[in-house]
Amino acid sequence: MDYDPQELEERWRERWAETGRYEADPDDGEVTFLTVPYPYPSGGMHIGHARTYTVPDVYARYRRQQGDNVLFPIGWHVTGTPIIGAVERLKEGEEEQLSVLRDTYGVAEDTLKDLETPMGFAQYFIEEHYKKGMKRLGLSIDWRREFTTNDERYSKFITWQYETLYDRGLLEKGLHPVKYCTNEQQPVTTHDLLEGEEAEFQEYTLVRFGWDGATESGDESGADDGVVVPMATLRPETVHGVTNAYIDPDAEYALARVDGERWLVSVAATEKLSLQDREVEIEETFTGERLVGERVENPITGEAVLVLPASFVDADNATGVVMSVPAHSPDDYVALQEAKADTERMERYGIDPADVAAIEPKPILTVEGYGEVPAADAVEEYDVASSDDPALEEATQELYNREFHAGRLVDEYGEFAGEVVEDVRGRFRDHHRDAGAFDAMQEFSEEVVCRCGGDVEVANQETWFLRYDDETWKQKAHDAVAGMEAIPENTRGEYDHTIDWLNEWPCIRNYGLGTRLPWDDDFVIEPLSDSTIYMAYYTIAPRLREIPVEDLDRDFFDALFYGPDAVEDPDERALDLREEWSHWYPVDYRFSANDLISNHLTFYLFHHSELFDEPDWPQGIVIMGMGLLEGEKMSSSKGHVVLPGTAIEEYGADTVRFFLLNSAEPWQDYDWRAEQVGSVRDQLDRFWNRAVELIDDADQRSRLDAAAERADDLEHVDRWLLSRLQTTIRTVTEAMEGAETRTASQAAFYSFEEDLRWYRRRADLDRESARWTLRHVLEARLRLLAPFVPFLANELHERLTGTPAEDADWPEPDERLESVRTDVEETQIERLTEDVHDIVDVTGEDPDVVRVYVAADWKRRVFETVREVGDDRGAVMGEVMGDPDLRERGDAVNDLVGDLIEVVRGRDDETLAALGDIDERAVYEHARDFLAREFDADVELYAEDDEDVLDPAGRAESAVPFRPAVHIE
């Protein structure tokens, strides 16, 4: 019967659904509770999602075979505005959105109308993409527990959480910088963003340059009403080195009243300042050319500096006017040289080129390794040719770093002179801010765009925020990190780092799907803030549906999560549910993406550590890497995705799973490549065919007795394969305990396939004991592979034993079948075979006779010394030279010791002991028939020191213990 994954897999899907195979109810056994971030169905499921949900499924299946009662649930996250934005773009007929829906996700034209409501949109992708994809992949999910975050009962659960946090003083209202969508006119968070997910808030220092600016009529007599020209910088300590300023002459600027003062800034800046709690009133607008050629006064030095035109100035960034410090900024240094050279442009703007030529860099820092003008040295060092040269950015960053950590201020800085920038920057900035020379504004480290397409800016808003800056709460979160298993371990510090830098977190939005803030219906709790303890909701979701929504009040959930003493008159239904919650909690492992450590996963730890007692805190988090498609980032908008359904149709679900699991460890990035996926399909096909051949071999079928009962019938090579199987079981089990799915699958499949290839070469497969060995090995491997390829493994195991692999116990190593000595002996045979093949390949000869020479007894004595003393050559030589017989052999012993040190180095004591015990000649003698068949030649065996040794080519003396000499005739 040929391998037909589509037919086979559909039968198993139907069987699992009919029997409710993965529905988990409390019992008396060990419990494993696994979760993965619930999907946000604002689009379809692609192959990257498939891996995200398959990795925990493998671990869930493994734990079931270990005898655990496993709960693996899933829900649907619809909170927030991305789905609303997607619906609006659909209704507006946006071509890109329609293309994604039709071409990438295959939404039929007559179905588009059903997607024109938020929940209609969400439900389509939940049912038609995610659920179908997950079921086709064979994910062992308890579907009874699914919910959406827009459900009434879920909202009651979130309401309880936020009322509790509010009562504990962990929610406050106040001004706070937030990411603000100027299109939706509300705060947004990482999950709402299309671009700039990694953007950070940056506080710019505004150096308040002065300009005896023009009045609204253009009359320059307004000296009594001077204008502030604020210039944004991240390096306020360089203010003494300002030589000029730059403005974009073609961009839109404004004279505006900012908190009662007249400021000249870009029009874009007026909008940003308004969002940052400034009172802004625009008096007039004009292009930046108006300031070109003017001089503005440095508020610290009192010097008037010239404003030059520059197309590189970004009027959308900060205030749109920048100060130039060419002595310490390679960017500014190169720009100044180009300005000096472009006399034609200067004259066009009415600037005397001589005034530009007179501008010279003003050094204000000394830093080791650079001359008086560090920027000039950096430009020369990196061979920067122009302001467009990519090397300029590298030169700038290198100099900035050096000056920050080692640059010292010159004498002009008075009380700050001689100090290192790193130590003085904050105090210098605060000193001049208090004196009124500096101001501040917030900006992002990169462009940020909302999923709706709107620009996202920094806004200071009065909002409700979670007090992640509370020291007591922070300590609880740190305690949670210390008590959990972090996989991989090197991620542990990232949680602690995030806990340390987190401050207040705005937790509300003006509108969107989700739960209303309990004490203010005008606001909705934002997506990251309503997804912190939803894992607890899975445990009660099916039974909670039986309880009227109006009964799910604060007391109900207090009784459920805190017990009968938490309220005066506890609801018995809540106490009943408490038993189920207590049965499943805590979460044993949360599988999630690496980029969520900086938000969701740390919030998860914060909220669990506050709302639940320590025994119910998270036990472990497994981090997941990112996926590529043919070497490039996946993109739904560009159609650069693979849908699970398409992949399963072409290759089968087991192939898709197996490739995703063994191409990289969960926390590593992986790359979906069609050619490699096709190779996996071919390998599974070969595995199937060999297994079916073995299963259907009725004439040779043997009852699967215990290994001990067959021991007398087994040959050396059978025992070797069974020993290798025990090692494989140990390797796979250890890897699975650490969620190392690649290591586990590689060992169970690919590495053991290498052992089987050798076994098939070595063994007479017509023997009954060989057939028994292969069937015994097949049964164990199918159980090892069941978590990875459940359809194929269950089918074959049931045909072999009458029981699906997932219903059989996980294999345990049988110590009776383990033998290091057997492994070592077979390794020697394999190595000798390879050596002979190498000689044949090099010589091109077809051998009639293969002569093998094992080392003389005196060489074995040297080996024993090396084994006992170790790889210290001097110590070994001191020991062997005490033997008169060996001392007489001089250089030969010295050379041999070097060879044998390489033999023992890196080997464990058990392996070395086995090497010491084996009779090397007897090992090769036992394999003589195999070697004769392998090379179609007579095989002669000698000891180097045999009296009757036949050694026509003088090869015998080159024999080393465990590396016999070979002669081919």
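Which residue in β24 is the bridge partner of L517? Let's find that spot and then walk on from there. You're looking at a predicted model, where local features need pLDDT of at least 70, side-chain atom pairs count only at pLDDT 80 or more, and totals for chains, interfaces and linings use all residues. Residues are numbered from 1 along each chain as its sequence is written, and side-chain values use heavy atoms, with hydrogens and water left out.

The partner of L517 is D520 in β24. Strand β23 (residues 516-517) and β24 run antiparallel and are joined by two bridges. Helices (H or I, at least four residues) and strands (E, at least two) are DSSP runs, numbered from the N terminus, and two strands pair if DSSP finds at least two bridges between them. With two residues between them, β23 and β24 form a hairpin. Strand β24 (residues 520-525) also pairs with β22 (residues 508-509), again in the antiparallel sense and over two bridges. Here R509 stands opposite V524.

Strands of a sheet pair through backbone hydrogen bonds, either parallel or antiparallel. For a parallel case, go to β27 (residues 627-629), which pairs with β29 over three bridges. G627 has Y670 in β29 as its bridge partner. These strands belong to an open sheet of three, in the order β28-β27-β29, with mixed pairing. At its edges sit β28 (632-633) and β29 (670-672), each pairing on one side only.

Now for some helices. Two packed helices are described by the angle between their axes and the distance between the axes. For α16 (residues 534-544) and α18 (residues 572-584), the angle is about 145° and the axes are 9 Å apart. Those axes are lines fitted to C-alpha atoms over the stretch in contact, and angles run from 0 to 180 degrees between N-to-C directions. Where they touch (heavy atoms within 4.5 Å), A536, T539, I540, R543 and L544 in α16 meet D576, L577, E580, W581 and W584 in α18. By class, that contact has six nonpolar, one polar and three charged residues.

Asp, Glu, Lys and Arg count as charged, Ala, Val, Leu, Ile, Met, Phe, Trp, Tyr, Cys and Pro as nonpolar, and the others, Gly among them, as polar.
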